[in-house]
Amino acid sequence: MNMSFLDKWRKRHRAHGSVPLAESVRADPGSVVELLSECPLLRAQATAAGVELDDSVRSLEWLDQLQPVWRDDPEVLPWLGNDAGLYLGTVLVRAVPGAVWHVWPDGQPVVRLASGREVDVVAAGHDWADTGAPELSQLYAEVSET
């Protein structure tokens, strides 16, 4: 079946393909930082537990005290882990001098410290959501010392 309008649509959408995250970070770092800090699922879980996430170091301690009700839901768990890692990264970037978001070639966002060390905060967030360890506040303390 020949549908010329479909061929034109495909060509137009290929020409306007997506922009890799790494390129977006370089082009507009402020917007990417804002996007990465949204963490909607984590913020909803925290709000439901009476915790306000204000992007402070103290809020990481509050998160560590939450009851891990998300572990009972295998569909929520990976998303919450991702959000927890992005939130940890947000706090690091805002509180640790010289810390910035960096994106690996595979699209994985990490936090690069002034020393050059890169912290895979998303992996840390998944570990925290899955097992509770390491605690987000503990990881922050370790990373901010270097």
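**A tour of the salt bridges**

Begin by selecting Arg-112, which is partly exposed with a relative accessible area of 29%; partly exposed means between the limits for buried (under 20% relative accessible area) and exposed (over 50%), taken with a 1.4 Å probe and protein chains only. The model is predicted, so local features need pLDDT of at least 70 and side-chain atom pairs count only at pLDDT 80 or more, while totals for chains, interfaces and linings use all residues. Residues are numbered from 1 along each chain as its sequence is written, and side-chain values use heavy atoms, with hydrogens and water left out.

Glu-118 is partly exposed at 30%. Elsewhere, salt bridges with shared partners join Arg-43, Asp-55 and Arg-94 into one network.

Select Asp-55 and Arg-43 next; their side chains form a salt bridge of 2.8 Å, N to O. Asp-55 lies in the loop between α4 (40–48) and α5 (57–64) and Arg-43 in helix α4, so the pair ties together parts 12 residues apart in sequence. Helices (H or I, at least four residues) and strands (E, at least two) are DSSP runs, numbered from the N terminus. Asp-55 is buried, at 16% relative accessible area, whereas Arg-43 is partly exposed, at 22%.

Finally, move to helix α5, where Glu-61 and Arg-58 lie 3 residues apart, about one turn of the helix. Their side chains meet in a salt bridge (2.4 Å, N to O). Glu-61 is partly exposed at 33%, as is Arg-58 at 46%. The count comes to 4 salt bridges.
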